[in-house]
Each structure stands twice: as C-alpha cells, then as structure tokens.
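The exercises below are meant to be worked with the sequence and the model side by side. Try each task before reading its solution.

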Amino acid sequence: QAASKHIIENDSLPIIEAVFNIANLRAKDIMIPRLEMDVLDINDSMESIIKKIIETGHSRFLVIDEDMSDILGVFHSKDLIHYVSNPEEFSLRDQLRRAYFVPEIKHLDGLMYEMRLHQSHMAIVVDEFTNVVGIVTLEMIVEQIVGEIEDDIKGRPLDDQEAIKGAVDPHYRQIVGDKQLMIKVKDQGIGIPKDKIETVTLPFE
C-alpha cells in the first residue's frame with residue numbers, strides 16, 4: 001500500500017520486504033552445511049594451507065585440529081602477510097581469531113545484530129547437541145536482503161592478493177602500468193600487443 005500511494009519508491013519495495021522476511025529465516029536455512037565447508041588443519045604445512053586458500057578463494061577459514069569437533073579459531077587470509085614477511089617465526093595459531101558459535105535455530109535478524117556487535121563476519125552453526133553443522137557469514141545474511149554480492153576474491157583488496165601470491169611465488173610483483181613501465185618493457189625486448197591490455201607478467205630476480 002505504501003508503494004501504491006508513492007510513500008516509498010517501488011525500487012525500494014523488494015529490499016524492505018526482504019528485511020522483514022529475514023526475521024522468519026534461521027541460521028540453518030541459509031548455512032553452508034558441514035560437509036561443504038572449507039577448513040584449514042593446524043597440522044598441515046604452510047604450503048598446503050596457502051594452496052587451499054588460493055584454490056578456494058575465501059577470505060576467512062575455520063581452523064581445526066584434525067577433527068571438526070575441535071575448532072581452534074578463525075584465520076583471515078590477509079594475515080598471510082605475516083608469513084611473507086617472516087616465515088621462520090610465523091605461527092598460524094597466533095593469528096587465529098576467536099570463533100563465534102550460534103544455535104542453528106537462531107533467527108537471522110538477531111544473528112546479524114549480534115555479529116555486528118561482536119565484530120564477527122563468520123558464525124559457526126551448532127545443533128542442540130553442540131555439534132558443528134555449518135557456517136553462516138555476514139555476507140550471506142546481507143545477500144538475503146540485497147541479492148547476490150560479487151565473490152569476495154574479486155573484490156579483495158590488493159594487499160590481500162599480494163600476500164597470498166607473494167607467499168607462493170617470491171618473484172610475483174603487482175605493478176601499476178605507466179609510461180616508465182612501457183619503456184622498461186621495450187628495453188627488455190618484450191613484445192606488447194597493440195590491443196588494450198590490463199596485465200603484464202614479467203620475471204623478477
């Protein structure tokens with residue numbers, strides 16, 4: 001009725017309806033189920049951990065100690081910068097954030113409020129017996145309101161990408177293209193296509 005009387009814009013109506021609808025949804029309705037979760041094992045080598053982070057493209061991971069019932073915390077991929085800067089003294093355990101657990105029957109409106117309150121972007125969903133059954137992210141809740149959001153690996157800040165790629169390939173560099181770079185490329189005798197390009201890969205010693 002508000003839309004028909006031009007009290008609110010028609011374009012705003014779906015979002016307003018979605019805000020009210022999330023009050024009827026629970027964590028179990030939108031969660032990523034346990035069997036589909038990508039987790040890191042504290043006992044794995046850093047090489048295999050970095051490989052998994054790159055392959056999955058997530059920004060946050062649950063870290064377990066061999067078994068899903070033993071969750072140690074949450075690791076943010078941007079903290080790989082500490083590994084890049086000092087791999088010998090890097091400790092994955094020291095970089096973990098506290099895990100936030102919620103019951104599977106938790107309503108999404110209350111969950112969103114609590115996640116903001118705890119400054120947590122990921123919640124571990126448990127059943128009535130405290131068994132882990134899945135995860136819910138703040139982004140997943142927001143998507144219930146505004147629709148699908150671009151995958152976070154595409155929108156990840158540049159320093160996150162450099163941290164991950166630099167950890168795997170020490171010769172990797174991210175450079176802003178400019179006239180001086182084009183001169184350097186020509187000096188190296190490297191041919192550049194005349195078509196519009198956005199990325200140039202060069203070997204660095």
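Two strands pair if DSSP finds at least two bridges between them, and the elements themselves are DSSP runs numbered from the N terminus, with helices (H or I) of at least four residues and strands (E) of at least two. This is a predicted model, in which local features need pLDDT of at least 70 and side-chain atom pairs count only at pLDDT 80 or more, while totals for chains, interfaces and linings use all residues. Residues are numbered from 1 along each chain as its sequence is written, and side-chain values use heavy atoms, with hydrogens and water left out.

**Exercise 1.** Describe the open sheet that contains β2, β3 and β4, and state which helix lies across these strands.

Solution. Begin with the strand order, which is β2-β3-β4 with mixed pairing. Next, find the edges: β2 (39–41) and β4 (67–76) each pair on one side only. Neighbouring strands of this sheet are turned by 40° against each other on average, with direction ignored.

Then follow the pairing of β3 (residues 60–65) with β4, which is antiparallel and extends over six bridges. Within it, R60 has H76 as its bridge partner, and F61 has F75. The two strands form a hairpin with one residue between them, and E66 in the turn has a positive phi of about 70°.

**Exercise 2.** Work out the order of the open sheet of four strands, and say which helix packs on it.

Solution. The order is β1-β7-β6-β5, again with mixed pairing. β1 (32–33) and β5 stand at the edges with a single partner strand each, so one side of each is left without a neighbour in the sheet. β1 runs antiparallel to β7 (residues 132–137), to which two bridges join it, and P33 stands opposite G134 of β7. Helix α6 packs on this sheet, touching β1 and β7, and its direction makes about 65° with that of β7.

**Exercise 3.** How do the axes of α5 and α6 cross, and which residues make the contact?

Solution. The axes of α5 (residues 108–117) and α6 (residues 138–146) come within 10 Å and cross at roughly 135°. That makes α5 oblique to α6 (angles under 35 degrees count as roughly parallel, over 145 as roughly antiparallel, 65 to 115 as roughly perpendicular and the rest as oblique). Turning to side chains, L108, L111, M112 and M115 of α5 meet L138, I141, Q144 and I145 of α6, where contact means heavy atoms within 4.5 Å.

Conventions:
Axes fitted to C-alpha atoms, helices over the stretch in contact; angles between N-to-C directions.
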